[in-house]
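Good morning, colleagues. Please look at the structure on the screen while I take you through a few of its elements.

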Amino acid sequence: MAGNVIGKYLYGRGKLAVGLCLLSTSLLPLQLKADSYPSLSCADAPSQASFTTAHEWLVSSVYAGHCFEFQARAVSIDAIGVRTLALSHRVRNGVRQQVVQHLDGPSVSVERRSIAGHLAWFPPDESDSASAADAWAEHVAEYYDITLQDKTRVAERDAVELQFSPIDSQRYHHTWWIDQATGLLLKHVLSDAQGRVLETFQITQLRSPAAYRGEVPGPSDERMLDQPWQVTWLPDGFVEQPLEPGQQSGQRVYSDGLATVSVFVSPVRQSALKEGLQRIGVSNAAVSLIDVEDQSWQLVGIGELPAELVQRIVQSVEFE
């Protein structure tokens, strides 16, 4: 989650947004907790010249995703089909603006704004690292065997290949190709336990990447929010993330550093989604309906995990 991933993650969220527009999530009572986003400074970005380990390249990808502005062309291949995309990443006044435009079929553009320098959150006591980027990389390494492969080329650029092999059956296999000059993610392949490719995302042309030299704000007041319900089972290593501005209040987000699962809980007012499992692009979705006292609730989980695990997460939801 923490690397640039403008194509992989922003486009993935664009696909999720199509499915989530079916939901009618109501506003639930909220309270603030004390856990806020970790952050990084672009001034601390390391130089790629001397990197020799997978950890160093992972940390570099975190900084690159926040600290480089660029334009790109990309292709995404999954069960839905093949799509060509135009990508844009800018930082203005401490805000990241990421845009994905579909170049095939109907004109569709997905824009996401987020706070520059703010990373996925993992418990600070899990790592003695000096930075949030190091803590993220070390957390990922607890649940994936990460190997640095031979150097190669992607989109006419020198790259290094990282393979992420899960240490259990609770997540997918990832392969990243990282640009040697910038640390930007150039290609991502997601595979299941049988080695079947679920999704390939690749930048085909990277245009004028330039390091952002402006100021990045310090930690903000965004917090994780209390909900009147809890997820009582998660795969090992999945940690609840603070909600970013614009995310729905009846939502919880969990991540192991690479994979992300969102859970939505809303009262059923009129029509509800059909119970069971569905596929939304590379993500699996599980829908469950339950009654709590006099109210019916719709529970929806969506994530890049095996379908049975997404369903188990949803079925573990308990109300306070």
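Strands here are DSSP runs of E with at least two residues, numbered from the N terminus, and two of them count as paired if DSSP finds at least two bridges between them. Please note that this is a predicted model.

I begin with strand 10, residues 185-191, where seven of the seven residues are buried. Strand 10 forms a hairpin with strand 11, with five residues between them, and Gly 195 in that turn has a positive phi of about 85 degrees. The two strands run antiparallel and are joined by five bridges; Val 189 stands opposite Thr 200 of strand 11. Towards strand 9, residues 173-179, strand 10 makes six bridges, again antiparallel. There Val 189 faces Thr 175. The hairpin of strands 9 and 10 also has five residues between the strands, and Gly 183 takes a positive phi near 90 degrees.

Finally, helix 2. Twelve of its 14 residues are buried, among them Trp 57, Tyr 63 and Cys 67. At 1.5 Å a residue, helix 2 should span 20 Å, and its end C-alpha atoms are 20 Å apart, so the two values agree.

Conventions: Residues numbered from 1 in each chain as written. Predicted model: local features only at pLDDT ≥ 70, side-chain atom pairs only at ≥ 80, totals over all residues. Heavy atoms only, no water. Helix = DSSP H or I, 4+ residues; strand = E, 2+ residues; numbered from the N terminus. Expected span 1.5 Å × (residues − 1). Buried < 20%, exposed > 50% of the residue type's maximum accessible area, 1.4 Å probe, protein only.
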